[in-house]
Amino acid sequence: MKYHSTKNTAEQHSARFALVHGLAADGGLFMPKEIPVLPDSLIEMFPSLSYPDIALAVLAPYFAGEITRNELKTLVDSAFSFPVPLKKLDERTAVLELFHGPTCAFKDFGARFLARMLGHWSESDGRDVTVLVATSGDTGSAVAQGFAGVPGTRVVVLYPSGKVSRVQEQQMTTLGGNITALEIRGTFDDCQRLVKQAFVDPELTTALHLTSANSINIGRLFPQVVYYFWAVAQFTRQFPGLPIAPAIVVPSGNFGNVTAAVIARRMGLPFGPLLAAVNRNDTVPAYFRNSVYEPKPSVQTLSNAMDVGDPSNIARLWRLCGENAAELKHEFDCFSCSDEETLRTMSEVYRAFGEVLDPHTAVGYWALAERRRAEPELPGILIGTADPAKFSETVIRATGAVPSLPPQLADCLERTKRSIPLSNRYREFADYLLSLDSAA
Ligand SMILES: *Cc1c(COP(=O)(O)O)cnc(C)c1O
């Protein structure tokens, strides 16, 4: 399989190049040159396969010729080692719970898989890869947890001291081993500036093999394609004989998960309408109405992981579907939900099913209900993106219920924090990184 940048389709890169670089030199996003189509006979077997077996079948074509099936199997078994339940809400609705990994949100799938791929390649190089991440909280904890204990990799997370939540800080500072947390006396912008400067500092880039593992890395998107195949397979088992194919409903911010669903459809997965659910950050629904793409500054909402005014994956959707609103609309529908509607949905779902949804997943439930005004019988698979315990204040406000803390969060809250305090001066940061190299 060959890869190109969304800005230059004439390029030919390997999967390894795309994953190691993350972002193309021209600022575009990497995409595979073609989307492989799986035979129907294979997809029909999926309801009897395990999650890692489905992952292997879906992911193998993207790395053909670069990694053996056995090597990929080992990486996949280790990346997806937690349950992925499809929980039934009523006779035609189920939630795919993607939040049973280490940070209790779906980003674990991408981070854990990318970590293992980069680790695999750097081992064959005989040189560790050093991942630098500046974070205001969520990205850093997902990357730190994703790479923890992966041979051939080392993560250095920079976070602004006193400006991340306690859970996030614990998730970054209690792992030890190949994960180091730098507690910067400064702001998130300082952290980002330090990391950017490191990537263009010849002294550092010679001494260390630096990479960024950021959220637009195509290596984080592929593992998200897998769970749509798993979801439809489980839905088929749990809801036999439904005459209509289920909708898939995706709470969305940067539209990575929607892009993954479009890729799954292109690979041959049969399902009904694809619904993207956004909060008040409604750049894409406005684009669908006006046919003009106008990025906006993001506004803060209760579903804050979706507070995105210029979704980065729009460039990938244009490549996949065609570069105008009509072509995208053909592929998925988009609904925008207010904070009031989010709270009301959380309360209604709790009263109807005794089920607590986090605010992001609730935005999705609301979108499904909107679509059902026209199509009441439409079955639906709702993508559950985060554990409600991560948003307990909002959950308590909406439902009165106190969500129980998942064991992996409770456990990390009890561990001892270990961070290295640094100023926001570049020299101090660079010297620290150089000292790591000689220690290795
Ligand atoms: C990142 C995130 C989203 C949005 O996903 P995208 O792929 O960026 O659209 C939704 N919910 C939660 C909890 C997230 O962390």
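Begin by selecting Cys104, which is found in the loop between strand 5 (93–97) and helix 5; helices (H or I, at least four residues) and strands (E, at least two) are DSSP runs, numbered from the N terminus. This is a predicted model, in which local features need pLDDT of at least 70 and side-chain atom pairs count only at pLDDT 80 or more, while totals for chains, interfaces and linings use all residues. Residues are numbered from 1 along each chain as its sequence is written, and side-chain values use heavy atoms, with hydrogens and water left out.

Stay with Cys104, because at 0% relative accessibility it counts as buried; buried means under 20% relative accessible area, exposed over 50%, and partly exposed in between, with a 1.4 Å probe and protein chains only. Cys104 has a positive phi of about 60 degrees although it is not a glycine. Most residues other than glycine have a negative phi. Ser291 is not a glycine and has a positive phi of about 60 degrees, and you can find Ser291 in the loop between helix 12 (283–290) and helix 13 (314–321).

Next, show helix 5 (107–125) together with helix 1 (15–21), the elements that give two or more residues to the lining of the largest cavity. A cavity is a set of points, on a 1 Å grid over the protein atoms alone, where a 1.4 Å probe fits but cannot get out, and lining residues have an atom within 4 Å of a point. Grid points are joined across faces, edges and corners, and a volume is the space filled by probe spheres set on the points. By this rule there are two cavities of 30 Å³ or more, and about 50 Å³ of space lies in the largest cavity. To see its lining, select Arg16, Val20, Leu118, Trp121, Ser122, Asp125, Val129 and His209; helix 5 provides the largest share of that lining, four residues.

Now move to the open sheet that three strands form in the order 2-1-3, with antiparallel pairing; two strands pair if DSSP finds at least two bridges between them. Strand 2 (8–13) and strand 3 (30–32) are its edge strands, each pairing on one side only. Strand 1 (residues 3–5) pairs with strand 3 in the antiparallel sense over three bridges, and Tyr3 has Pro32 in strand 3 as its bridge partner.

Which residue forms a tilted aromatic pair with Phe255? Phe332 does, at 6.1 Å centre to centre and 45 degrees between the planes. Phe255 lies in the loop between strand 10 (247–251) and helix 11 (256–266) and Phe332 in the loop between helix 14 (325–331) and strand 12 (333–336), so the pair ties together parts that are 77 residues apart in sequence. Phe255 and Phe332 are both buried.

Finally, select Arg265, which lies over the face of Phe271 at 4.1 Å from the ring centre, and then Lys88, which lies over the face of Phe239 at 4.9 Å from the ring centre. A charge sits over a ring if NZ of Lys or CZ of Arg is within 6 Å of the ring centre and within 35 degrees of the ring normal.

Methods:
Phe/Tyr/Trp six-rings, centres within 6.5 Å; stacked < 30°, edge-to-face > 60°. 1 Å grid on protein atoms, 1.4 Å probe; cavity = no way out; pocket = protein on both sides within 12 Å on 5 of 7 lines; lining within 4 Å.
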